[in-house]
Amino acid sequence: MTASRETDWQALDRNDPLAAKKAAFRIPDGVIYLDGNSLGVLPEAVPARMAKAVEQEWGQSLIRAWNEHDWFTLPQRVGDRIGRLVGAAPGQVTACDNTSINVFKVLAAALSLNPQRKVILSDSGNFPTDLYMAQGIRDMLDKGHELKVVAPEEVAGAIDDSVAVMMLTQVDYRTGRCHDMAALTKKAHDAGALVIWDLAHSAGAFAVELDAAAADFAVGCGYKYLNGGPGAPAFLYVAARHQDRVAPALTGWMGHDAPFAFDLDYRPDAGIGRMRVGTPPILSLSALDAALDVFDDVDMNVLREKSVSLCELFIAEVERRCPELTLASPREAAVRGSQVSFCFDNGYALVQALISRGVIGDFRAPDVARFGFTPLYISHADVIRACEILEEIVKTRAWDRPEFHARAKVT
Ligand SMILES: *Cc1c(COP(=O)(O)O)cnc(C)c1O
(Lines give C-alpha, C1' and ligand atoms only; values in the text may rest on other atoms or scores of the structure.)
Protein backbone atom coordinates (compact mmCIF):
# COMPACT_ATOMS: atom_id res chain seq x y z
CA MET A 1 0.00 0.00 0.00
CA THR A 2 2.69 2.44 1.02
CA ALA A 3 4.72 1.65 -2.06
CA SER A 4 1.91 2.45 -4.45
CA ARG A 5 1.03 5.63 -2.56
CA GLU A 6 4.65 6.76 -2.79
CA THR A 7 4.75 6.02 -6.48
CA ASP A 8 1.62 8.08 -6.84
CA TRP A 9 2.93 11.21 -5.22
CA GLN A 10 6.38 10.88 -6.73
CA ALA A 11 4.77 10.75 -10.15
CA LEU A 12 2.79 13.86 -9.30
CA ASP A 13 6.02 15.72 -8.52
CA ARG A 14 7.75 14.36 -11.62
CA ASN A 15 4.93 15.55 -13.85
CA ASP A 16 4.40 18.83 -12.01
CA PRO A 17 4.25 21.68 -14.57
CA LEU A 18 5.11 24.15 -11.77
CA ALA A 19 8.11 22.24 -10.40
CA ALA A 20 10.64 24.70 -11.82
CA LYS A 21 9.02 27.57 -9.94
CA LYS A 22 10.53 26.52 -6.62
CA ALA A 23 13.88 27.85 -7.83
CA ALA A 24 12.32 31.31 -8.13
CA PHE A 25 12.10 31.52 -4.32
CA ARG A 26 14.58 31.60 -1.46
CA ILE A 27 13.46 28.98 1.01
CA PRO A 28 15.77 28.44 3.99
CA ASP A 29 17.41 25.01 4.21
CA GLY A 30 15.49 22.57 6.32
CA VAL A 31 12.26 24.52 6.15
CA ILE A 32 8.95 23.25 4.79
CA TYR A 33 6.98 26.44 4.59
CA LEU A 34 3.25 25.91 5.00
CA ASP A 35 2.54 29.51 5.91
CA GLY A 36 2.59 31.25 2.54
CA ASN A 37 -1.00 32.21 3.26
CA SER A 38 0.23 34.45 6.12
CA LEU A 39 3.53 35.72 4.74
CA GLY A 40 4.79 34.47 1.40
CA VAL A 41 8.46 33.53 1.01
CA LEU A 42 11.05 35.78 -0.58
CA PRO A 43 11.09 35.60 -4.40
CA GLU A 44 14.58 35.53 -5.95
CA ALA A 45 13.77 38.60 -8.05
CA VAL A 46 13.06 40.86 -5.08
CA PRO A 47 16.48 41.62 -3.51
CA ALA A 48 17.98 42.87 -6.79
CA ARG A 49 14.93 44.95 -7.56
CA MET A 50 15.00 46.45 -4.06
CA ALA A 51 18.69 47.27 -4.46
CA LYS A 52 17.93 48.98 -7.77
CA ALA A 53 15.00 50.91 -6.35
CA VAL A 54 17.10 52.09 -3.42
CA GLU A 55 20.51 52.70 -4.98
CA GLN A 56 19.68 53.81 -8.50
CA GLU A 57 16.15 55.13 -8.46
CA TRP A 58 16.13 56.78 -5.04
CA GLY A 59 19.87 57.20 -4.59
CA GLN A 60 20.71 58.62 -7.99
CA SER A 61 17.52 59.96 -9.53
CA LEU A 62 16.11 61.36 -6.29
CA ILE A 63 12.97 63.41 -6.89
CA ARG A 64 13.38 63.02 -10.66
CA ALA A 65 12.60 59.32 -10.23
CA TRP A 66 8.86 60.02 -10.05
CA ASN A 67 9.06 60.67 -13.79
CA GLU A 68 12.30 58.97 -14.83
CA HIS A 69 11.33 55.65 -13.26
CA ASP A 70 7.61 56.10 -13.59
CA TRP A 71 7.02 55.85 -9.85
CA PHE A 72 3.80 57.79 -10.16
CA THR A 73 2.00 55.09 -12.15
CA LEU A 74 3.48 52.16 -10.20
CA PRO A 75 0.32 51.62 -8.08
CA GLN A 76 -1.77 51.22 -11.23
CA ARG A 77 0.77 49.07 -13.04
CA VAL A 78 1.07 46.72 -10.07
CA GLY A 79 -2.71 46.84 -9.74
CA ASP A 80 -3.21 45.65 -13.32
CA ARG A 81 -0.77 42.78 -12.79
CA ILE A 82 -2.78 41.69 -9.74
CA GLY A 83 -5.92 42.26 -11.79
CA ARG A 84 -4.92 39.50 -14.17
CA LEU A 85 -4.75 37.07 -11.23
CA VAL A 86 -8.18 38.02 -9.90
CA GLY A 87 -10.06 38.21 -13.18
CA ALA A 88 -10.20 41.99 -13.49
CA ALA A 89 -9.69 43.76 -16.81
CA PRO A 90 -7.10 46.59 -16.69
CA GLY A 91 -7.95 49.85 -15.00
CA GLN A 92 -9.96 48.40 -12.13
CA VAL A 93 -7.31 47.48 -9.55
CA THR A 94 -4.82 49.66 -7.75
CA ALA A 95 -2.17 48.62 -5.23
CA CYS A 96 -2.35 50.85 -2.16
CA ASP A 97 -2.51 51.13 1.62
CA ASN A 98 -3.25 47.98 3.60
CA THR A 99 -6.25 45.71 3.51
CA SER A 100 -7.89 47.23 6.58
CA ILE A 101 -7.76 50.73 5.11
CA ASN A 102 -8.97 49.45 1.76
CA VAL A 103 -11.92 47.78 3.48
CA PHE A 104 -12.77 51.18 4.93
CA LYS A 105 -12.47 52.85 1.55
CA VAL A 106 -14.60 50.40 -0.42
CA LEU A 107 -17.22 49.98 2.31
CA ALA A 108 -17.67 53.73 2.64
CA ALA A 109 -17.91 53.97 -1.18
CA ALA A 110 -20.41 51.13 -1.44
CA LEU A 111 -22.64 52.50 1.32
CA SER A 112 -22.73 55.88 -0.38
CA LEU A 113 -23.96 54.20 -3.60
CA ASN A 114 -26.89 52.57 -1.79
CA PRO A 115 -27.95 55.31 0.64
CA GLN A 116 -31.56 54.22 1.23
CA ARG A 117 -30.50 50.95 2.83
CA LYS A 118 -28.85 50.49 6.20
CA VAL A 119 -27.70 46.88 6.60
CA ILE A 120 -24.10 45.72 6.11
CA LEU A 121 -24.28 41.94 5.83
CA SER A 122 -21.22 39.88 6.75
CA ASP A 123 -20.42 36.56 8.37
CA SER A 124 -18.70 35.19 11.43
CA GLY A 125 -16.06 33.57 9.22
CA ASN A 126 -14.78 36.99 8.26
CA PHE A 127 -11.41 38.18 9.46
CA PRO A 128 -11.91 40.46 12.49
CA THR A 129 -10.34 43.56 10.97
CA ASP A 130 -13.03 43.65 8.26
CA LEU A 131 -15.74 43.57 10.92
CA TYR A 132 -13.91 46.13 13.05
CA MET A 133 -13.67 48.53 10.12
CA ALA A 134 -17.39 48.10 9.45
CA GLN A 135 -18.14 48.88 13.09
CA GLY A 136 -16.02 52.01 12.85
CA ILE A 137 -17.78 53.24 9.70
CA ARG A 138 -21.20 52.46 11.17
CA ASP A 139 -20.40 54.53 14.26
CA MET A 140 -18.70 57.35 12.36
CA LEU A 141 -21.50 57.75 9.82
CA ASP A 142 -24.13 57.73 12.56
CA LYS A 143 -26.89 57.26 9.95
CA GLY A 144 -28.51 54.22 11.52
CA HIS A 145 -26.47 51.53 9.77
CA GLU A 146 -26.50 48.05 11.20
CA LEU A 147 -23.77 45.42 10.87
CA LYS A 148 -25.46 42.06 10.60
CA VAL A 149 -23.12 39.11 11.14
CA VAL A 150 -24.50 35.65 10.42
CA ALA A 151 -22.92 32.19 10.20
CA PRO A 152 -21.20 31.58 6.82
CA GLU A 153 -23.78 28.99 5.77
CA GLU A 154 -26.59 31.44 6.54
CA VAL A 155 -25.38 34.28 4.33
CA ALA A 156 -27.46 33.34 1.28
CA GLY A 157 -30.64 33.17 3.36
CA ALA A 158 -29.92 36.53 5.01
CA ILE A 159 -29.83 38.48 1.73
CA ASP A 160 -32.97 40.59 1.50
CA ASP A 161 -34.02 44.06 0.39
CA SER A 162 -32.72 45.69 3.57
CA VAL A 163 -29.11 44.89 2.67
CA ALA A 164 -27.11 47.81 1.33
CA VAL A 165 -23.80 45.99 1.07
CA MET A 166 -22.79 42.37 1.48
CA MET A 167 -19.16 42.23 2.56
CA LEU A 168 -17.54 38.81 2.70
CA THR A 169 -14.11 37.26 2.77
CA GLN A 170 -14.15 34.54 0.15
CA VAL A 171 -11.89 32.09 2.00
CA ASP A 172 -12.27 31.67 5.76
CA TYR A 173 -8.87 32.33 7.34
CA ARG A 174 -9.33 29.53 9.87
CA THR A 175 -11.04 26.70 8.02
CA GLY A 176 -10.33 27.49 4.37
CA ARG A 177 -14.04 27.28 3.54
CA CYS A 178 -14.62 29.10 0.26
CA HIS A 179 -17.79 31.03 -0.61
CA ASP A 180 -19.35 30.72 -4.07
CA MET A 181 -18.54 34.20 -5.33
CA ALA A 182 -20.65 34.11 -8.48
CA ALA A 183 -23.78 32.71 -6.85
CA LEU A 184 -23.72 34.99 -3.78
CA THR A 185 -22.96 38.06 -5.88
CA LYS A 186 -25.89 37.30 -8.15
CA LYS A 187 -28.21 36.73 -5.21
CA ALA A 188 -27.17 40.01 -3.62
CA HIS A 189 -27.58 41.92 -6.88
CA ASP A 190 -31.03 40.43 -7.43
CA ALA A 191 -31.96 41.84 -4.01
CA GLY A 192 -30.53 45.27 -4.87
CA ALA A 193 -27.40 44.99 -2.69
CA LEU A 194 -23.82 45.80 -3.60
CA VAL A 195 -21.02 43.31 -2.94
CA ILE A 196 -17.51 43.58 -1.52
CA TRP A 197 -15.18 40.58 -1.66
CA ASP A 198 -12.07 40.31 0.49
CA LEU A 199 -9.59 38.17 -1.45
CA ALA A 200 -6.88 38.02 1.24
CA HIS A 201 -6.67 34.22 0.97
CA SER A 202 -7.73 33.97 -2.68
CA ALA A 203 -5.46 36.25 -4.70
CA GLY A 204 -2.54 34.24 -6.01
CA ALA A 205 -3.98 31.04 -4.54
CA PHE A 206 -6.44 30.14 -7.30
CA ALA A 207 -8.25 31.74 -10.23
CA VAL A 208 -10.64 34.45 -9.11
CA GLU A 209 -13.14 35.87 -11.60
CA LEU A 210 -14.20 39.29 -10.33
CA ASP A 211 -15.43 40.63 -13.67
CA ALA A 212 -17.20 37.42 -14.62
CA ALA A 213 -18.97 37.37 -11.25
CA ALA A 214 -19.91 41.04 -11.74
CA ALA A 215 -18.44 41.90 -8.33
CA ASP A 216 -18.73 45.54 -7.32
CA PHE A 217 -15.70 45.98 -5.06
CA ALA A 218 -12.86 43.84 -3.78
CA VAL A 219 -9.76 44.12 -1.60
CA GLY A 220 -6.86 41.82 -0.80
CA CYS A 221 -3.37 41.49 0.65
CA GLY A 222 -0.01 41.77 -1.09
CA TYR A 223 2.03 39.81 1.44
CA LYS A 224 0.19 36.47 1.49
CA TYR A 225 0.05 34.34 -1.68
CA LEU A 226 1.38 37.27 -3.75
CA ASN A 227 4.71 37.17 -1.83
CA GLY A 228 5.15 40.96 -1.71
CA GLY A 229 6.94 40.93 1.65
CA PRO A 230 6.00 42.01 5.17
CA GLY A 231 3.53 44.88 5.11
CA ALA A 232 3.39 44.86 1.30
CA PRO A 233 0.80 47.20 -0.22
CA ALA A 234 -2.66 45.72 -0.45
CA PHE A 235 -4.97 46.08 -3.45
CA LEU A 236 -8.40 47.35 -4.17
CA TYR A 237 -10.85 46.74 -7.04
CA VAL A 238 -13.70 48.95 -8.16
CA ALA A 239 -15.75 47.68 -11.11
CA ALA A 240 -15.43 50.06 -14.06
CA ARG A 241 -19.17 50.77 -14.05
CA HIS A 242 -18.95 52.31 -10.55
CA GLN A 243 -15.71 54.23 -10.80
CA ASP A 244 -17.01 57.61 -11.86
CA ARG A 245 -19.90 57.48 -9.39
CA VAL A 246 -17.84 56.60 -6.35
CA ALA A 247 -17.24 59.42 -3.89
CA PRO A 248 -14.07 58.55 -1.97
CA ALA A 249 -14.29 58.97 1.80
CA LEU A 250 -10.53 59.43 2.13
CA THR A 251 -10.07 62.40 -0.17
CA GLY A 252 -6.30 62.58 -0.31
CA TRP A 253 -4.28 64.55 -2.82
CA MET A 254 -3.04 61.50 -4.70
CA GLY A 255 -6.65 60.71 -5.60
CA HIS A 256 -7.19 64.24 -6.91
CA ASP A 257 -7.76 64.80 -10.61
CA ALA A 258 -4.70 67.08 -10.74
CA PRO A 259 -2.54 66.58 -7.65
CA PHE A 260 0.16 68.92 -8.91
CA ALA A 261 -2.25 71.76 -9.61
CA PHE A 262 -2.49 72.12 -5.82
CA ASP A 263 -6.08 73.33 -5.98
CA LEU A 264 -7.65 74.13 -2.65
CA ASP A 265 -10.71 72.02 -3.43
CA TYR A 266 -10.91 68.29 -3.89
CA ARG A 267 -11.94 66.96 -7.27
CA PRO A 268 -11.68 63.19 -7.75
CA ASP A 269 -9.53 61.68 -10.48
CA ALA A 270 -11.42 59.86 -13.20
CA GLY A 271 -11.38 56.11 -12.72
CA ILE A 272 -9.64 53.91 -10.17
CA GLY A 273 -7.04 56.63 -9.45
CA ARG A 274 -9.48 58.37 -7.12
CA MET A 275 -9.13 55.50 -4.65
CA ARG A 276 -5.52 56.50 -4.00
CA VAL A 277 -4.98 58.57 -0.88
CA GLY A 278 -1.40 59.66 -0.19
CA THR A 279 2.11 59.12 -1.51
CA PRO A 280 2.57 55.46 -2.48
CA PRO A 281 5.27 53.37 -0.72
CA ILE A 282 7.57 53.01 -3.71
CA LEU A 283 10.07 50.63 -2.11
CA SER A 284 7.36 48.22 -1.00
CA LEU A 285 5.56 48.55 -4.31
CA SER A 286 8.80 47.74 -6.12
CA ALA A 287 9.19 44.57 -4.06
CA LEU A 288 5.61 43.55 -4.80
CA ASP A 289 6.06 44.33 -8.48
CA ALA A 290 9.14 42.10 -8.66
CA ALA A 291 7.38 39.38 -6.66
CA LEU A 292 4.60 39.27 -9.23
CA ASP A 293 7.09 38.28 -11.97
CA VAL A 294 6.79 34.62 -10.95
CA PHE A 295 3.10 34.64 -11.87
CA ASP A 296 3.65 35.99 -15.39
CA ASP A 297 3.63 32.60 -17.13
CA VAL A 298 1.43 30.80 -14.61
CA ASP A 299 -1.97 29.51 -15.64
CA MET A 300 -4.08 29.91 -12.51
CA ASN A 301 -6.08 26.79 -13.39
CA VAL A 302 -2.89 24.72 -13.41
CA LEU A 303 -1.95 26.31 -10.08
CA ARG A 304 -5.34 25.38 -8.65
CA GLU A 305 -5.04 21.80 -9.83
CA LYS A 306 -1.76 21.40 -7.96
CA SER A 307 -3.17 23.14 -4.89
CA VAL A 308 -6.05 20.64 -4.73
CA SER A 309 -3.63 17.77 -5.19
CA LEU A 310 -1.37 19.00 -2.35
CA CYS A 311 -4.30 19.59 0.00
CA GLU A 312 -5.88 16.20 -0.72
CA LEU A 313 -2.61 14.40 -0.14
CA PHE A 314 -2.13 16.27 3.14
CA ILE A 315 -5.63 15.46 4.39
CA ALA A 316 -5.29 11.77 3.51
CA GLU A 317 -1.85 11.46 5.10
CA VAL A 318 -2.73 13.31 8.32
CA GLU A 319 -5.93 11.32 8.80
CA ARG A 320 -4.09 8.05 8.20
CA ARG A 321 -1.16 8.88 10.47
CA CYS A 322 -2.74 11.05 13.18
CA PRO A 323 -6.33 10.13 14.02
CA GLU A 324 -5.98 12.40 17.08
CA LEU A 325 -6.42 15.40 14.76
CA THR A 326 -9.84 16.41 13.42
CA LEU A 327 -10.25 17.98 10.00
CA ALA A 328 -11.58 21.53 10.38
CA SER A 329 -11.64 22.33 6.66
CA PRO A 330 -14.25 21.26 4.13
CA ARG A 331 -13.40 17.82 2.76
CA GLU A 332 -14.70 18.77 -0.67
CA ALA A 333 -12.07 20.64 -2.68
CA ALA A 334 -14.65 22.72 -4.55
CA VAL A 335 -15.52 24.63 -1.38
CA ARG A 336 -11.98 24.88 0.04
CA GLY A 337 -9.26 27.45 -0.61
CA SER A 338 -5.56 26.56 -0.65
CA GLN A 339 -5.22 25.72 3.03
CA VAL A 340 -6.07 22.86 5.33
CA SER A 341 -6.77 23.15 9.04
CA PHE A 342 -6.97 20.54 11.74
CA CYS A 343 -8.29 20.89 15.28
CA PHE A 344 -6.21 19.55 18.13
CA ASP A 345 -6.72 20.41 21.81
CA ASN A 346 -3.09 21.41 22.15
CA GLY A 347 -2.96 23.03 18.74
CA TYR A 348 -0.73 25.87 19.85
CA ALA A 349 1.95 23.59 21.32
CA LEU A 350 1.68 21.26 18.33
CA VAL A 351 2.38 24.09 15.90
CA GLN A 352 5.34 25.28 17.99
CA ALA A 353 6.78 21.76 18.03
CA LEU A 354 6.37 21.54 14.25
CA ILE A 355 8.09 24.89 13.78
CA SER A 356 11.02 23.69 15.91
CA ARG A 357 11.40 20.86 13.37
CA GLY A 358 11.24 23.21 10.38
CA VAL A 359 7.60 22.65 9.44
CA ILE A 360 6.14 26.13 9.57
CA GLY A 361 2.38 26.39 9.79
CA ASP A 362 0.38 28.56 12.12
CA PHE A 363 -2.06 28.45 14.93
CA ARG A 364 -5.41 30.20 15.11
CA ALA A 365 -7.33 30.34 18.38
CA PRO A 366 -8.84 28.40 19.96
CA ASP A 367 -7.45 25.07 18.69
CA VAL A 368 -6.78 25.29 14.96
CA ALA A 369 -3.49 24.25 13.35
CA ARG A 370 -3.49 25.79 9.90
CA PHE A 371 -1.38 24.82 6.89
CA GLY A 372 -1.24 26.82 3.69
CA PHE A 373 -0.24 25.19 0.41
CA THR A 374 1.40 27.48 -2.10
CA PRO A 375 1.79 25.42 -5.28
CA LEU A 376 4.61 27.59 -6.61
CA TYR A 377 7.07 26.30 -4.02
CA ILE A 378 5.53 23.32 -2.21
CA SER A 379 5.93 19.80 -3.62
CA HIS A 380 4.16 16.57 -2.82
CA ALA A 381 7.44 15.39 -1.28
CA ASP A 382 7.25 18.37 1.09
CA VAL A 383 3.75 17.32 2.09
CA ILE A 384 4.86 13.76 2.85
CA ARG A 385 7.87 14.94 4.85
CA ALA A 386 5.72 17.38 6.84
CA CYS A 387 3.28 14.57 7.62
CA GLU A 388 6.09 12.27 8.78
CA ILE A 389 7.30 14.94 11.19
CA LEU A 390 3.76 15.67 12.37
CA GLU A 391 3.13 11.98 13.00
CA GLU A 392 6.30 11.66 15.04
CA ILE A 393 5.45 14.70 17.16
CA VAL A 394 1.91 13.47 17.83
CA LYS A 395 2.95 9.85 18.54
CA THR A 396 5.75 10.82 20.94
CA ARG A 397 3.81 13.75 22.46
CA ALA A 398 6.88 15.86 21.71
CA TRP A 399 4.60 18.89 21.69
CA ASP A 400 4.10 18.56 25.44
CA ARG A 401 7.24 20.40 26.44
CA PRO A 402 7.01 23.63 28.45
CA GLU A 403 8.70 25.73 25.76
CA PHE A 404 6.03 24.80 23.24
CA HIS A 405 3.24 26.00 25.52
CA ALA A 406 4.62 29.53 26.11
CA ARG A 407 2.66 31.98 23.96
CA ALA A 408 4.46 34.50 21.79
CA LYS A 409 2.97 37.87 20.93
CA VAL A 410 2.33 36.99 17.28
CA THR A 411 0.81 33.54 16.79
C1 LIG B 1 -4.79 38.94 6.43
C2 LIG B 1 -6.14 39.60 6.31
C3 LIG B 1 -6.27 40.98 6.49
C4 LIG B 1 -5.07 41.79 6.91
O5 LIG B 1 -5.33 43.14 6.92
P6 LIG B 1 -4.09 44.16 7.05
O7 LIG B 1 -4.74 45.47 7.07
O8 LIG B 1 -3.21 43.91 5.87
O9 LIG B 1 -3.38 43.84 8.31
C10 LIG B 1 -7.52 41.55 6.28
N11 LIG B 1 -8.58 40.81 5.93
C12 LIG B 1 -8.48 39.46 5.78
C13 LIG B 1 -9.67 38.67 5.39
C14 LIG B 1 -7.26 38.82 5.99
O15 LIG B 1 -7.15 37.50 5.86
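Is aspartate 289 buried or exposed? Let's start there, everyone. At 8% relative accessibility, aspartate 289 counts as buried, where buried means under 20% relative accessible area, exposed means over 50%, and partly exposed is in between, using a 1.4 Å probe and protein chains only.

A quick word on what we are looking at. This is a predicted model, in which local features need pLDDT of at least 70 and side-chain atom pairs count only at pLDDT 80 or more, while totals for chains, interfaces and linings use all residues. Residues are numbered from 1 along each chain as its sequence is written, and side-chain values use heavy atoms, with hydrogens and water left out.

Back to aspartate 289, which is found in helix H10, residues 282-291. Helices and strands here are DSSP runs numbered from the N terminus (H or I with at least four residues for helices, E with at least two for strands). In sequence, aspartate 289 and alanine 45 are 244 residues apart, but in space their C-alpha atoms are 9.6 Å apart. Aspartate 289 also belongs to a network of salt bridges that links Arg49, Arg81, Asp289, Asp293 and Asp296. By salt bridge I mean a side-chain nitrogen of Lys or Arg within 4 Å of a carboxyl oxygen of Asp or Glu.

How many salt bridges does a search of the whole structure find? It finds 31. One of them joins arginine 177 to aspartate 123, with the closest N and O atoms 3.9 Å apart. Arginine 177 sits in the loop between strand E7 (163-169) and helix H8 (181-190), and aspartate 123 sits in strand E5 (residues 119-123), so this pair ties together parts that are 54 residues apart in sequence. Arginine 177 is buried at 16% relative accessible area, and aspartate 123 is buried at 0%.

Here are two others to look at on the screen. Aspartate 362 and arginine 370 meet in a salt bridge at 2.9 Å, N to O. Aspartate 362 is buried, with a relative accessible area of 5%, and arginine 370 is buried too, with 1%. Then arginine 401 and glutamate 403 meet at 3.1 Å, N to O. For that pair, arginine 401 counts as partly exposed at 41% relative accessibility, and glutamate 403 is partly exposed at 44%.

Now for aspartate 382, in helix H13, residues 380-395. What does its side chain contact? The side chains of aspartate 382 and lysine 22 are joined by a polar contact of 2.6 Å. A polar contact is a pair of N or O atoms within 3.5 Å; within protein, one must be able to donate a hydrogen and the other to accept it, and residues adjacent in sequence count only if both atoms are side-chain atoms. The side chain of aspartate 382 also reaches the backbone nitrogen of serine 379, at 3.0 Å. Aspartate 382 is itself buried, with a relative accessible area of 15%.

There is another aspartate to point out at the start of H11, where a side-chain oxygen of aspartate 299 comes to within 2.7 Å of the backbone nitrogen of asparagine 301. Helix H11 covers residues 300-321, and its 22 residues should span 32 Å at 1.5 Å a residue; the end C-alpha atoms are 31 Å apart, which agrees. That expected span is 1.5 Å times one less than the number of residues.

Helix H5, residues 99-113, has 15 residues and reaches 21 Å from first C-alpha to last, close to the 21 Å expected. H5 is mostly covered, with 12 of its 15 residues buried. Among the buried ones are Asn102, Phe104, Lys105 and Leu111.

On to the aromatics. The structure holds 12 aromatic pairs. Rings of Phe, Tyr and Trp (its six-membered ring) pair if their centres lie within 6.5 Å, and planes under 30 degrees apart count as stacked, over 60 as edge-to-face and the rest as tilted. Tryptophan 253 and phenylalanine 262 are a stacked pair, 6.2 Å centre to centre with 20 degrees between the planes. Tryptophan 253 is partly exposed at 37% relative accessibility, whereas phenylalanine 262 is exposed at 55%. Both belong to one aromatic cluster formed by Phe72, Trp253, Phe260 and Phe262.

Let me finish with isoleucine 63, found in the loop between helix H2 (45-61) and helix H3 (65-68). Isoleucine 63 counts as exposed, at 67% relative accessibility.
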